[in-house]
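User: Please take a close look at one part of this model, the surface patch and the pockets beside it. I would like one connected account.

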Amino acid sequence: MSDLAAYAGLFAVAFVAATILPAQSEAALVALLVAGAQEPVALVAVASVGNTLGAVVNWALGRGVSRFSGRRWFPVTPAQLDRATRWYGRWGRWSLLLSWAPVGGDALTVAAGVLREPLWSFVLLVGLAKTARYVVLAAATMNFV
């Protein structure tokens, strides 16, 4: 696989994994790390940017939630959104540091849009959280390879 294809594929999987479709960006990153053809730092950076930009889609959906909520493709259920909105209301923007979590993370990113979190702070906190997750995953993978 060419470097460009590997990076583009990882970006796409990471982007989709943060939005409305199920995808396993962690599995893609681990597979590429194990293959060893690309630089680990570059792989982590590509996955982080893709996943953060995918979360921006959720933030944008949250901004227009009244138009989209309840549709079959919407990334979170009304119950998840309500729970995330309460959590976000209690902890504020710092709750976005949990946006990496497989359960509830997407709902937090939608809630941030609903509650009008500024895009700059959203991207900063979500990017930090998602990058930290990929760094930990890459470090763990590289220790076993």
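Analyst: A residue counts as buried under 20% relative accessible area, as exposed over 50%, and as partly exposed in between. In this predicted model, Trp 100 has a relative accessible area of 37%, so Trp 100 is partly exposed. Trp 100 is found in the loop that runs between helix 5 (78–91) and helix 6 (105–114).

On the surface, Trp 100 belongs to a nonpolar patch together with Trp 87, Trp 91 and Leu 98. The accessible area of these four residues together is about 410 Å².

The largest pocket has a volume of about 240 Å³. Its lining comprises 14 residues, and Trp 100 is among the closest to the pocket centre, along with Ala 17, Glu 26, Pro 102 and Arg 133. Helix 2 (25–35) and helix 7 (119–144) each supply at least two residues of this lining. By class, the lining of the largest pocket divides into 6 nonpolar, 4 polar and 4 charged residues.

The second largest pocket has a volume of about 180 Å³. Among its lining residues are Trp 87 and Leu 98, both of which are also members of the nonpolar patch. Other residues of this lining include Gln 80, Arg 83, Ala 101, Val 103 and Leu 108. Helix 5 and helix 6 are the elements that give two or more residues to the lining of the second largest pocket, and helix 5 gives the most, with 4 residues. The class count for this second lining is 7 nonpolar, 3 polar and 1 charged.

Notes. Residues numbered from 1 in each chain as written. Predicted model: local features only at pLDDT ≥ 70, side-chain atom pairs only at ≥ 80, totals over all residues. Heavy atoms only, no water. Patch = residues over 30% accessible without salt bridge, like charges linked within 9 Å, V, L, I, M, F, W, Y side chains within 5 Å. Areas by Shrake-Rupley, 256 points an atom, 1.4 Å probe, with all protein chains shown as cover. Salt bridge = Lys/Arg side-chain N within 4 Å of Asp/Glu carboxyl O. Buried < 20%, exposed > 50% of the residue type's maximum accessible area, 1.4 Å probe, protein only. 1 Å grid on protein atoms, 1.4 Å probe; cavity = no way out; pocket = protein on both sides within 12 Å on 5 of 7 lines; lining within 4 Å. Points joined across faces, edges and corners; volume = space filled by probe spheres on them. Nonpolar A, V, L, I, M, F, W, Y, C, P; charged D, E, K, R; others polar.
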